[in-house]
Amino acid sequence: MKWDVDRAATVLLDCEATRTDRPPITDEWPELDQDTAYAVQDETLRRRLARGERLIGVKLGLTSRAKQLRMNVASPLVAWLTDAMLSPAGVPVPQDRLIHPRVEPELVFVMRERLTGPGVSAAQALAAVDRVYAGAEIIDSRYRDFRFTLPDVVADNASAGAFVLGPVGLSPERLDLTLEAVLVEVDGEVVDSATGAAVQGHPAEALALAANDLARRGHAIEAGQLVLTGGMTDAVPAPPGARVAFHFTNLGSIQLAGG
Ligand code: 0L1
Ligand code: MG
């Protein structure tokens with residue numbers, strides 16, 4: 001059967017609904033290029049909205065060296081967030097709707113103003129931010145063993161699964177985001193750490209990148225929307241029984257039970 005945007009969107013959403021992983025689409029459709037992959041991503045968003053989900057923002061993926069090295073993909077990407085992905089703090093990882101969740105610490109912006117590319121600088125991007133929060137993204141690739149190429153992961157909405165917001169929202173003027181640190185703790189042991197500088201040198205660079213990339217696709221980041229700026233460290237597995245905590249310097253802690 002021939003591959004096209006519709007079929008790829010159907011296959012990826014079916015994997016999500018049935019909690020089934022699969023080989024990368026590019027194994028069967030090597031011609032899948034980045035623009036077509038974004039068309040698949042946009043089609044999956046269209047179908048999510050048609051079934052009643054609400055668009056609440058965007059997420060960046062692969063903005064840190066740690067993530068790029070681990071996933072063997074050297075370029076950042078942008079994907080969509082809907083309200084169905086927002087998980088309340090304190091609730092265990094929703095294993096019943098995920099395939100093989102992993103969790104990663106992020107810095108999250110809540111926008112005060114609309115941000116439209118092209119040509120947005122990091123300073124302009126930061127000036128449009130209302131608050132910054134700690135975040136925990138629960139990624140869940142639809143590809144077996146998280147093996148994918150850039151077009152695969154773009155089509156798969158950057159492995160979006162769910163995310164949790166931390167307890168403290170600060171104006172970005174109140175902290176130096178390059179120095180905002182996170183300790184990653186698994187079962188009581190610190191296994192990793194990073195500062196905001198890991199994210200494109202400054203998370204506002206990632207925000208500007210998102211605005212400029214979305215402009216190319218005919219979209220803007222709207223006031224009130226959330227922007228997940230990308231994993232600061234490699235993600236850690238979150239199977240049932242795991243206890244993961246992200247401790248930030250000024251933005252509080254997020255505890256995640258594997259279930
Ligand atoms: O599965 C992945 O790691 C790709 C999405 C990247 C998420 C991130 O870097 O924040
Ligand atoms: Mg992420």
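Reader: Where does Val110 lie?

Author: Val110 lies in strand 3, which covers residues 102-111. Keep in mind that this is a predicted model.

Reader: What makes Val110 count as partly exposed?

Author: Val110 has 17 C-beta neighbours inside 10 Å. A residue is buried with 20 or more and exposed with 12 or fewer, so a count in between is called partly exposed. Therefore Val110 counts as partly exposed.

Reader: Which residues is Val110 in contact with, leaving aside its neighbours within four places in sequence?

Author: They are Asp130, Arg131, Tyr133, Gly169 and Leu226. Gly258, in turn, is 148 residues away from Val110 along the chain, and their C-alpha atoms are separated by 27 Å.

Reader: Why is Ala66 called buried?

Author: Ala66 has 20 other C-beta atoms within 10 Å. The cut-off for buried is 20 or more, so Ala66 is buried. This residue lies in helix 3. Not counting residues up to four places away in sequence, Ala66 touches Ala194, Ala198, Thr233 and Asp234.

Reader: And Leu62: what makes this residue buried?

Author: Leu62 has 22 other C-beta atoms within 10 Å. With the cut-off at 20 or more, Leu62 is therefore buried. Leu62 is found in the loop between strand 1 (55-61) and helix 3.

Reader: What is the phi of Leu62?

Author: Leu62 has a positive phi of about 55 degrees, although it is not a glycine. Most residues other than glycine have a negative phi.

Reader: Is Asp187 exposed or buried, and how do you know?

Author: Asp187 has 11 C-beta neighbours inside 10 Å. The limit for exposed is 12 or fewer, so Asp187 counts as exposed. Asp187 also has a positive phi, of about 50 degrees, although it is not a glycine.

Reader: Where does Asp187 lie?

Author: Asp187 is in the loop between strand 6 and strand 7. Those two strands form a hairpin with 2 residues between them, and Asp187 is in the turn.

Reader: How do you know that strand 6 and strand 7 pair?

Author: Two strands pair if at least two bridges are found between them. Strand 6 (residues 181-186) and strand 7 (residues 189-195) have 6 bridges, in the antiparallel sense. Therefore they count as a pair. Glu185, for instance, has Val190 in strand 7 as its bridge partner.

Reader: What makes strand 4 and strand 5 a pair?

Author: The rule asks for at least two bridges, and strand 4 (residues 129-139) and strand 5 pair over 4 bridges, again in the antiparallel sense. Here Gly135 stands opposite Leu165 in strand 5.

Reader: What is cis about the peptide bond from Gly117 to Pro118?

Author: The omega of that bond is near 0 degrees. Most peptide bonds are trans. Pro118 lies in the loop between strand 3 and helix 4 (122-127).

Reader: How many residues surround ligand 1?

Author: There are 14, and the closest are Gly61, Lys67, Ser159, Gly230 and Gly231. Helix 3 (65-71) and strand 4 are the elements that give two or more residues to this shell.

Notes:
Residues numbered from 1 in each chain as written. Chains lettered and ligands numbered in written order. Predicted model: local features only at pLDDT ≥ 70, side-chain atom pairs only at ≥ 80, totals over all residues. Near = placed C-beta within 6 Å. Contact = placed C-beta atoms within 7 Å.
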